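Here is a short briefing to read alongside your structure. Take a look at the sequence and the fold, then follow the points below.

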Amino acid sequence: MNHINPDNIPVRYIFSSGKLVKVIERNDKTFDTPRAYFSNYEIIRSCIVKSVYKYGDPVSENVTRIPEGSTPVTEPLNYSALTTEDKVQLGSGLAAGTVRFDNVLFRNASAGSGKTEISVSVYRLADDGTGAAKVNYLRAYYPAQ
């Protein structure tokens, strides 16, 4: 089941020794404004959380702040406590590359049926922090072997 937009997310199948070992849905988006980064993150997060809510709270939601010339600091993201001002500041940081989200919103593993993991991240692809930030939706399924 695709949680975001079934017609527009590429799917990749990975095989090893003739067996399917992983199925990946991945969608990367870039935006023109700081508000758009946080808004898109919120929309994707909402879709995922609503569709898998019965399985429990998100596995982990973290925000990493990357101060110039300092070591990045990662802390839990208390999503429900964010104010409008917090969201604007986070959106600006996401667009500027001084904030990164690394969130696993759902993980399910059942004996004999494989494992599913859904995550949403916002990050810059280049290690040096250059290039456009991307909102990355990833759903990975690992079939039981």
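Contact here means heavy atoms within 4.5 Å. This is a predicted model, where local features need pLDDT of at least 70, side-chain atom pairs count only at pLDDT 80 or more, and totals for chains, interfaces and linings use all residues. Residues are numbered from 1 along each chain as its sequence is written, and side-chain values use heavy atoms, with hydrogens and water left out.

**Around Thr116**
- Thr116 sits in strand β6 (residues 114–124); strands (E, at least two residues) and helices (H or I, at least four) are DSSP runs numbered from the N terminus.
- Beyond residues up to four places away in sequence, Thr116 touches Phe106, Arg107, Asn108, Arg139, Ala140 and Tyr141.
- Thr116 counts as buried because its relative accessibility is 12%, and buried means under 20% relative accessible area, exposed over 50% and partly exposed in between (1.4 Å probe, protein chains only).

**The largest nonpolar core**
- A nonpolar core is a set of buried Ala, Val, Leu, Ile, Met, Phe, Trp, Tyr and Cys residues joined through side-chain atoms within 4.5 Å.
- The largest one has 22 residues, of which Phe38, Tyr41, Leu90 and Phe101 touch the most other members.
- Two or more residues each come from α1 (34–52), α2 (84–96), β5 (99–110), β6 and β7 (133–142), and α1 gives the largest share, five residues.

**The hairpin**
- Two residues separate β1 and β2 in a hairpin, and Ser17 in the turn has a positive phi of about 55 degrees.

How values were computed: Pairing = 2+ DSSP bridges.
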